[in-house]
Amino acid sequence: MYPDDLNTSITYLPGIGPARAKMLEAELGIRTWHDLLYTFPYKHIDRSRLYKIRELTADMPFVQVLGQFLSFEEAGEGRKHRLTGHFWDGEMFLDVTWFQGISYIKKSVKIRKDYILFGRPSVYGGRLQVNHPDLDNPESMSLGAMKMQPYYTTTERMKKAGMTSRTMERFTSTLFSRLTSELPETLPQYLIDRLHLMPLDHALRAAHYPTTADELASATMRLKFEELFFIQLIIMSYAKRRQQERVGLKFSRIGDAFNTFFRDHLPFPLTEAQKRVIREMHADMKSGRQMNRLLQGDVGSGKTLVALMVMLIAIDNGCQACIMAPTEILAEQHLKTFQNFLRDMPLRIELLTGNVKGRRRQDILQGLSDGTVDILIGTHAVIEDGVRFHHLGLAIIDEQHRFGVAQRAKLQERHQDLTISQFDNLTNEKPSDNENVKLSNREIVKSSNREIVQSSNREIVQFPHILVMTATPIPRTLAMTLYGDLDVSVIDELPPGRKPVRTLHIFDNQPEQLRRGIEREIDAGHQAYIVYPLVKESEKLDLKNVEDEYVRLRSVFPRYRIGMVHGQMKPAEKDEQMQRFVSGETQILVCTTVIEVGVNVPNASVMVIQNAERFGLAQLHQLRGRVGRGAEQSYCILVSSPKLSAETRKRLQIMTETTDGFEIAEADLKLRGPGDLEGTQQSGVAFNLRLANLGRDGQLVGLARDTADFVLSADPELQAPQNSLLLRYLTKHRDDYRDWSQIS
Ligand code: ADP
Ligand code: MG
């Protein structure tokens, strides 16, 4: 049979004229039959059984009862105005009440006529009642056929125009009755068999009109799986291609630098988790393929040391290494840490930030290009503007989560631009003679940072290994999707001897308690952060202004030296304030979230977070990570208004119950959904998920990924006939996801 064309406009459905079509497109984005089929009900209600009134209890969900109204009465004035109908099922009466639309009900509902009443029982003044039920004519419902009824989302505008969930139901059932052939399958038969999936045609029908809850579950599973599978297929096909194309430098040696450090300089034993991730990275770097790895580890888990040690592997293999930090303060901190760890070792470490200028800068640039600088520490700004390495083997990006998705994508572009433009420069040197070009390439290659090999007519460039580090714990399922083409290593263990930060939640009407707590810690020689959510005063949100607070706190704590840092300050000013706190000159730092990132002041033992209800879990966790870095007990005080929504209360409670970043991230994902997770705002939209939820459907994400891997391992280019459907999809949609796969 000739398949129905799902691109047919919805105006070709009976009941949808131009006005309704316009409304459907504007409100729900539905233009074609396909769109309508893929606009799924948000719930179903079991209408397969009729109840008697005597069976009803107030804790029941929606139920339906067959009966008649015997009388109506109106009572109350104004907002208390209501209409009560006395509904009789042949045995008993039930009160049915309306508070709105009373005149419409009076006009349209008939006395002594059969209705199927559908609603949720409740108790009012000791009497069972149902408010605002749906009423259906039993003849039009054909009792035997009543099943799971779909409920569709409609907008306010649609409701005003008389388009309800029932209207949508009519549209979809009309469409299904119109379809003359089975809907074409989108997955290859061998996958459907292998995974015992419901065929697409059946799944789509059952997603709207299931006969049982089980059938609905299987249909939903099939459709969610498909959404997730295609995303994974695209991401992984990119990843595989990149792996093939991106030949990496081969770091097979472990030599003097690493061994000397490990033997003589390591001030404490590595944790098992640190050892494991170093092994994972070394395995990548000696494989001959480019490493692209994400290192996740909670704040304080010791990522810096891991970074340093893999850099030493690069150095042992005759390469340079660099690490990029998101702020100057962090870059300087890394410099100190590295100098301290590596002291006496014959390595040249340099710091390059926007502040390094003139001769000093020239010196460093020279050292980078002649290879005498072994380790470069810097900020992005610097790396981006044309630094040339003699032989860069490893680039590390620290605190990756600080860079927005867009910036990361740009960085990737920048990196490619750079690669291509350098490459162009090389080839342009002798454009006239092909042989010479190749020769000169090879020569320059030796002195430059990549090896260019001629193979099957394609130039293969050896890329430096890439490691990105983040303290934002991303749940595995989300990481697999957002960073789908990165390998992930996790440090899931803190160095021994850390005391978990003790976290308290107090209300902002207890300032005395807070003041005494802070004083006790500072008098014991420690320091405190006090964090506020915003700089600019916003009357609407009633947030405290940091600058006002700074002035106020100086009178609350006259004995202490107080500093202030916020986002509106000039970088130099900010740095100076930070330095004063780092050196212990100021004892209290009043600040906004600018301090969120990796700053290490082990002497700080108190983190006060004001208006804690305004922060998300991920941010609260990051902020808390600023304390608890020394040997002493540290405290995190969440201060909030007493008026909290249930969700906010839950969020703050989670903070007081656990310090485990992954637990917190999982909880966050469940509370808010992945669309809101830091740095992932666009993910839901970009992936266009209609049914699947990256947070809740973790197991399905895993299955989708394994399946994509299984398919692509057997047939990387999807050339086999049984994969032709997949190839067609991939070719059509690849570009939709390009941005996502290149973020890393
Ligand atoms: P983060 O992962 O947040 O970047 P850091 O690398 O700054 O954490 O490490 C936090 C602190 O833990 C540093 O002072 C570091 O020296 C220390 N540290 C790292 N590894 C260990 C270890 N194996 N044993 C004890 N202390 C460690
Ligand atoms: Mg760090």
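D95 has Q129 as its bridge partner in β7. The model is a predicted one, in which local features need pLDDT of at least 70 and side-chain atom pairs count only at pLDDT 80 or more, while totals for chains, interfaces and linings use all residues. Residues are numbered from 1 along each chain as its sequence is written, chains are lettered from A and ligands numbered from 1 in the order in which they are written, and side-chain values use heavy atoms, with hydrogens and water left out.

The pairing of strand β4 (residues 93-98) with strand β7 (residues 127-131) is parallel and comprises three bridges. Strands are DSSP runs of E with at least two residues, helices are runs of H or I with at least four, and both are numbered from the N terminus; two strands pair if DSSP finds at least two bridges between them. T97 also has a partner in β7, namely N131.

β4 is joined as well to strand β3 (residues 82-88), here by six bridges and in the antiparallel sense. One of the pairs is F87 with L94 in β4. β3 and β4 form a hairpin with four residues between them, and G90 in the turn has a positive phi of about 95°. Five of the six residues of β4 are buried, leaving the strand mostly covered; buried means under 20% relative accessible area, exposed over 50% and partly exposed in between, with a 1.4 Å probe and protein chains only.

These pairs belong to an open sheet of seven strands with mixed pairing, in the order β6-β7-β4-β3-β2-β5-β8. At its edges are β6 (121-124) and β8 (134-136), each of which pairs on one side only. On average, neighbouring strands of this sheet are turned by 45° against each other, direction ignored; axes are lines fitted to C-alpha atoms, for helices over the stretch in contact, and angles run from 0 to 180 degrees between N-to-C directions.

Six strands form an open sheet in the order β20-β25-β24-β21-β23-β22, with parallel pairing. Because β20 (502-507) and β22 (562-565) each have a single partner strand, one side of each is left without a neighbour in the sheet. β20 runs parallel to strand β25 (residues 635-640), and six bridges join them; I506 stands opposite V639 in β25. Helix α23 (residues 646-657) packs on this sheet, touching β20 and β25, and its direction makes about 150° with that of β20; contact means heavy atoms within 4.5 Å.

I377 touches, among others, F338, I349 and L352, not counting residues up to four places away in sequence.

Finally, T707 lies in helix α26 (residues 698-714). T707 is buried, with a relative accessible area of 5%. Not counting residues up to four places away in sequence, T707 touches L191, L195, F225 and F229.
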